[in-house]
Amino acid sequence: MKPDDDAYIGYLVSDVARLMRTVFDRRVRKLGLTRSQWLLLSRLHRRPGASQTELAEMLEVEKASAGRMVDRMERNGWVVRRADAADRRVKRIHLTREAERVHARMWVVAQATVDDALANLTAAERTQLARLMGRAKARLLALANGDAASATPSRRRTP
């Protein structure tokens with residue numbers, strides 16, 4: 001397969017992720033959420049009490065950008081900053097009850113988006129896709145952490 005082929009796996013994975021974000025963006029806009037807001041909500045829901053530095057890493061933005069996002073969300077009553085028990089200089093960021101309610105509504109939209117995206121797959125195909133993507137993710141995490149030796153060896157096909 002040539003790298004300019006639309007069936008190239010790298011393009012497919014990227015295109016599917018981008019299209020899912022686009023569809024999801026349009027759907028959550030009805031809830032009054034921007035992409036940066038829903039990303040922040042989802043990351044903090046999964047990692048409550050993350051620091052601003054950790055949040056910046058999760059969102060793949062600069063610390064100052066993450067700080068401005070947290071400031072806006074705090075003014076809107078969606079997050080609170082609490083001092084870290086071990087280091088008073090570090091502020092831990094937590095979702096408020098209102099933000100958790102918004103996240104719950106957002107999650108319904110996310111589930112519907114995934115269901116719509118995978119509607120043409122059988123239950124077995126969905127399970128297989130999730131399993132295969134999980135294996136690819138584990139391998140990439142190991143490579144990203146510089147631990148390729150413990151990652152499952154790649155199985156390259158020779159032409």
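**Aromatic rings, core and sheet**

Modeller: Let's start with Tyr11, which is partly exposed at a relative accessible area of 39% (buried is under 20%, exposed over 50%, partly exposed in between, with a 1.4 Å probe and protein chains only). Before going on: this is a predicted model, where local features need pLDDT of at least 70 and side-chain atom pairs count only at pLDDT 80 or more, while totals for chains, interfaces and linings use all residues. Numbering runs from 1 along each chain as its sequence is written, and side-chain values use heavy atoms, leaving out hydrogens and water.

Tyr8 is partly exposed too, with a relative accessible area of 35%. There are 2 aromatic pairs in the structure (Phe, Tyr and Trp rings, the six-membered one for Trp, with centres within 6.5 Å; planes under 30 degrees apart are stacked, over 60 edge-to-face, the rest tilted). Tyr8 and Tyr11 make up one: their ring centres are 5.2 Å apart and the planes sit at 70°, so this pair is edge-to-face.

Phe24 and Trp38 are also edge-to-face, at 4.6 Å centre to centre and 85° between planes. That pair ties together distant parts of the chain, with Phe24 in helix H1 (residues 9-28) and Trp38 in helix H2 (residues 35-46), 14 residues apart. Helices (H or I, at least four residues) and strands (E, at least two) are DSSP runs numbered from the N terminus. Phe24 counts as buried at 7% relative accessibility, and so does Trp38 at 10%.

Now the core. The largest nonpolar core has 23 residues, and Leu33, Leu40, Leu41, Leu44, Leu55 and Val79 touch the most other members (a core is a set of buried Ala, Val, Leu, Ile, Met, Phe, Trp, Tyr and Cys residues joined through side-chain atoms within 4.5 Å). H1, H2, helix H3 (52-59), helix H4 (63-75), E3 and helix H5 (97-117) each give two or more residues to this core. H5 provides the largest share, 5 residues. Setting aside residues up to four places away in sequence, Leu41 touches Leu33, Met73, Trp78, Leu95, Ala99, Val102, His103 and Met106; contact means heavy atoms within 4.5 Å.

Finally, the sheet is open, with 3 strands in the order E1-E3-E2 and antiparallel pairing; two strands pair if DSSP finds at least two bridges between them. E1 (50-51) and E2 (79-83) stand at the edges with a single partner strand each, so one side of each has no neighbour in the sheet. E2 and strand E3 (residues 91-95) pair over 5 bridges, and Val80 has His94 as its bridge partner in E3.
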